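Biologist: I would like to go through this model with you, term by term. Will you tell me what lies behind each label?

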Amino acid sequence: MLRNRRRLVAWLLAGVVLAVVLTLYDADRTGVSDPKAAPSATPSAAPPGTATPAPTTTPSPSATPSPTAPPGTGEPSPSGSATACTSPGACGYPDAKSTGPRIALERHDTGNMSIKKDGTVIKGWDIRGSLDVYANDVTIIDSRITSTNWWGVNLRPGFSGLKVLHTTITAVPGKGPDNGGVNYAVSNMGGSSIEVGWCDISVFGNALSMGQGDLHDNYVHDLVAFRNQGGEWQHIDAVISGGGNKGRLTIRHNTLLNSTPVDKGATAAIGLFADTGVVSSVVVEDNWLAGGAYALYGGGPGATGIQVTGNVFSTQYHPAAGAYGPVTAWNAGGAGNVWKDNRMSDGRPVEPAS
């Protein structure tokens, strides 16, 4: 009897142990297979202020072709800032949208008007005529000038402080005094710097004429050839300087186009000539230059202090920017002369001929 009781207790204990083992095994299986209990495949949100790394992927092949060498160079085109430009406006240079008056204009038939009062401000005028300035600190802003005279605006000797800003300056082809030609959109005959900025300038033969001044953010285009009374084609330049200046001439961030044919007088987009003295102290920086026999005349053998940096020489009229090349008359050995980071609009670097 006692033996049977012990046997029964042993079987009961064995059953309890088996039940416990089965329970633990089932719980372990459930914890692994239950999706709610499995670790999430999505990373949990990062603590505030902690950057979550992006998943690493294998980059697909680029759809952009690798740079190809310009014809005849055997080397890749420059990359980065020296990529190709398609047009002045598309590449951040001035055009008709970013220049000229910003307000409504009132018509003024001034004829060839002389300004003789210091500090005169002309604003919002639509002028049929020209302005001859015999005064200091004159400002012409947000206006339009349509000239049939030698010039649009002319600062006379002995006066200073002229500013021509946000103004359209043009002329009537065939109506000028010199056999139908008009010479200067803005001329500085004074003895100090003037400022011409954000202006839309067309038609004039030598649009911006001065040895010193601050020319910036202007759009010079559609220059018109003309003959003088002797029947000779006149030189055509977007910017012209005759040398002999005592102050600095700065030509910065302009669009300067000269589409005139060479056989009708086209000379340059920027012409720095030693006509009246040595060319010195000129900054030519970040301009879009196109056309002329050469896009840039660099001042000649005696030129000093000429800094030509970061300009784009456009192929829009000629494959080499000018009919005969991008630059001539560059004095590489002149004191203070710098040539740096100039390129063609297709990305090729531009270096003066040695």
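Modeller: Start with the word strand. A strand here is a DSSP run of E with at least two residues, and strands are numbered from the N terminus. One more thing to keep in mind: this is a predicted model.

Biologist: Where does Gly242 lie in that numbering?

Modeller: Gly242 is in the loop that links β15 (236-241) and β16 (249-252).

Biologist: Why is Gly242 called partly exposed?

Modeller: Its relative accessibility is 24%. Buried means under 20% and exposed means over 50%. The value of 24% falls in between, so Gly242 counts as partly exposed.

Biologist: Which residues does Gly242 touch, leaving out those up to four places away in sequence?

Modeller: Phe273, Ala274, Asp275, Thr276 and Gly277. There is also Gly211, 31 residues apart from Gly242 in sequence. Their C-alpha atoms are 6.5 Å apart in space.

Biologist: Now Tyr93. Where does Tyr93 sit, and what makes Tyr93 count as buried?

Modeller: Tyr93 is in the loop between α1 (2-33) and β1 (106-115). Its relative accessibility is 8%.

Biologist: What does Tyr93 touch beyond four places in sequence?

Modeller: Its contacts include Pro88, His253, Asn254, Thr255, Trp288, Gly310 and Val312. Asp286 and Asn287 are among them too. Asn287 is 194 residues from Tyr93 along the chain, yet their C-alpha atoms are separated by 7.6 Å.

Biologist: What makes the link from Tyr93 to Asp286 a polar contact?

Modeller: The two side chains are joined at 2.7 Å. A polar contact needs a pair of N or O atoms within 3.5 Å, with one able to donate a hydrogen and the other to accept it. The pair of Tyr93 and Asp286 is therefore listed as one.

Biologist: Which side chain makes a polar contact with that of Asp142?

Modeller: The side chain of Arg102, at 2.8 Å. Asp142 lies in the loop between β4 and β5 (144-147).

Biologist: How do you know whether Asp142 is buried or exposed?

Modeller: Asp142 has 2% relative accessibility. Buried means under 20%, so Asp142 is buried. Besides Arg102, its contacts outside four places in sequence include Pro101, Ile103, Trp125, Leu165 and His166.

Biologist: Turn to the strands. What makes β17 and β20 a pair?

Modeller: Two strands pair if DSSP finds at least two bridges between them. Strand β17 (residues 255-258) and strand β20 (residues 288-291) share 4 bridges, in the parallel sense. So the pair qualifies. Leu257 stands opposite Ala290 in β20.

Biologist: And how do you know that β20 and β23 pair?

Modeller: They have 2 bridges, also in the parallel sense. The rule asks for at least two, so β20 and β23 (residues 312-313) pass. Phe313 in β23 is the bridge partner of Leu289.

Biologist: What is the strand order of the open sheet of 9 strands?

Modeller: The order is β2-β4-β7-β10-β13-β16-β19-β22-β25, with parallel pairing.

Biologist: Why are β2 and β25 called edge strands?

Modeller: Each of them pairs on one side only. From one strand to the next, the twist averages 5°. At the β2 end, β2 and β4 (residues 139-141) are joined by 3 bridges. There Val121 stands opposite Thr139 in β4.

Biologist: Which residues touch the most other members of the largest nonpolar core?

Modeller: Ile140, Leu162, Ile251, Leu256, Ile270 and Phe313, out of 56 residues. Leu256 touches Val220, Ala238, Ile251, Ile270 and Leu289, among others. Apart from that core lies another of 7 residues, including Leu257, Trp288, Ala290 and Val312.

Biologist: Why group residues like that?

Modeller: In soluble globular proteins, nonpolar side chains tend to be buried together.

Methods
Residues are numbered from 1 along each chain as its sequence is written. This is a predicted model: local features need pLDDT of at least 70, side-chain atom pairs count only at pLDDT 80 or more; totals for chains, interfaces and linings use all residues. Side-chain values use heavy atoms; hydrogens and water are left out. A nonpolar core is a set of buried Ala, Val, Leu, Ile, Met, Phe, Trp, Tyr and Cys residues joined through side-chain atoms within 4.5 Å. Buried means under 20% relative accessible area, exposed over 50%, partly exposed in between (1.4 Å probe, protein chains only). Contact means heavy atoms within 4.5 Å. Axes are lines fitted to C-alpha atoms, for helices over the stretch in contact, and angles run from 0 to 180 degrees between N-to-C directions.
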